[in-house]
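Me: Please go through this model with me, one question at a time.

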Amino acid sequence: MTTAVQTTSPPDPVATAQLVPVHQDPNILDRLIRTLHARGLVGEDPAAKLLYLICMSALLEQPVSAVIKGGSAAGKSFLAQSVMALLPDRAQFRLTSASARVLYYKSESLVHRTIAIDEAAGLSDDVEYVLRVLLSEGRAVHETLVPSK
């Protein structure tokens with residue numbers, strides 16, 4: 001039995017069409033920052049803009065990835081949570097910890113979704129490997145044998 005997970009494909013026309021009104025705003029990133037300031041995120045404007053654009057790249061054929069690094073209690077989680085809160089639930093897949101196989105056997109598609117991992121330290125080497133393959137190849141395949149009766 002072969003199970004595959006894929007994170008890349010041509011842009012989703014339905015999702016893209018829903019973005020058109022906001023997309024036409026020439027100050028879309030300023031609009032983003034105003035929203036984030038109203039929700040309590042301040043002092044992170046460049047990082048928030050970049051992270052939002054990275055999340056939006058999930059709609060593209062070749063999504064971009066990022067790792068947020070900083071000292072302890074530097075606000076990394078709050079930055080990520082604040083930006084992710086602006087995405088619809090169907091546009092994101094969040095992990096705190098998991099086995100590598102959850103990425104293969106998850107019933108919902110990961111295509112055009114932002115995969116957010118709360119703490120990389122909580123991931124096993126297997127999950128990190130599958131994520132690296134997804135990032136570089138756009139898909140990962142896992143073979144299993146199913147005994148016949």
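Me: How far apart are the end C-alpha atoms of helix H6, and what span should its 13 residues give?
Reply: This is a predicted model. Helix H6 covers residues 125-137, and at 1.5 Å a residue its 13 residues should span 18 Å. The distance between its end C-alpha atoms agrees with that, at 18 Å.

Me: Within what arc do the buried residues of H6 fall, seen down its axis?
Reply: The buried residues in H6 are Val-127, Val-130, Leu-131, Val-133 and Leu-134. Seen down the axis of H6, they line one face of the helix, because they fall within an arc of 160 degrees.

Me: Which exposed residues does the face of H6 turned away from its buried side carry?
Reply: Exposed here means over 50% relative accessible area. On the face of H6 turned away from the buried side, the exposed residues are Asp-125, Tyr-129, Leu-135 and Ser-136.

Me: Is Ser-82 buried or exposed, and which residues does Ser-82 touch?
Reply: Ser-82 is part of helix H4, residues 76-84. Its relative accessibility is 9%, and the cut-off for buried is under 20%, so Ser-82 counts as buried. Leaving aside residues up to four places away in sequence, Ser-82 touches Leu-36 and Leu-41.

Me: What separation do the C-alpha atoms of Thr-96 and Ala-116 have?
Reply: Thr-96 sits in the loop between strand S2 (92-95) and helix H5 (101-105). Thr-96 is exposed, with a relative accessible area of 51%. Thr-96 and Ala-116 are 20 residues apart along the chain, and their C-alpha atoms are separated by 8.6 Å.

Definitions and conventions
Residues are numbered from 1 along each chain as its sequence is written. This is a predicted model: local features need pLDDT of at least 70, side-chain atom pairs count only at pLDDT 80 or more; totals for chains, interfaces and linings use all residues. Side-chain values use heavy atoms; hydrogens and water are left out. Helices (H or I, at least four residues) and strands (E, at least two) are DSSP runs, numbered from the N terminus. The expected span of a helix is 1.5 Å times one less than its number of residues. Buried means under 20% relative accessible area, exposed over 50%, partly exposed in between (1.4 Å probe, protein chains only). The arc is that of the directions from the helix axis to the C-beta atoms. Contact means heavy atoms within 4.5 Å.
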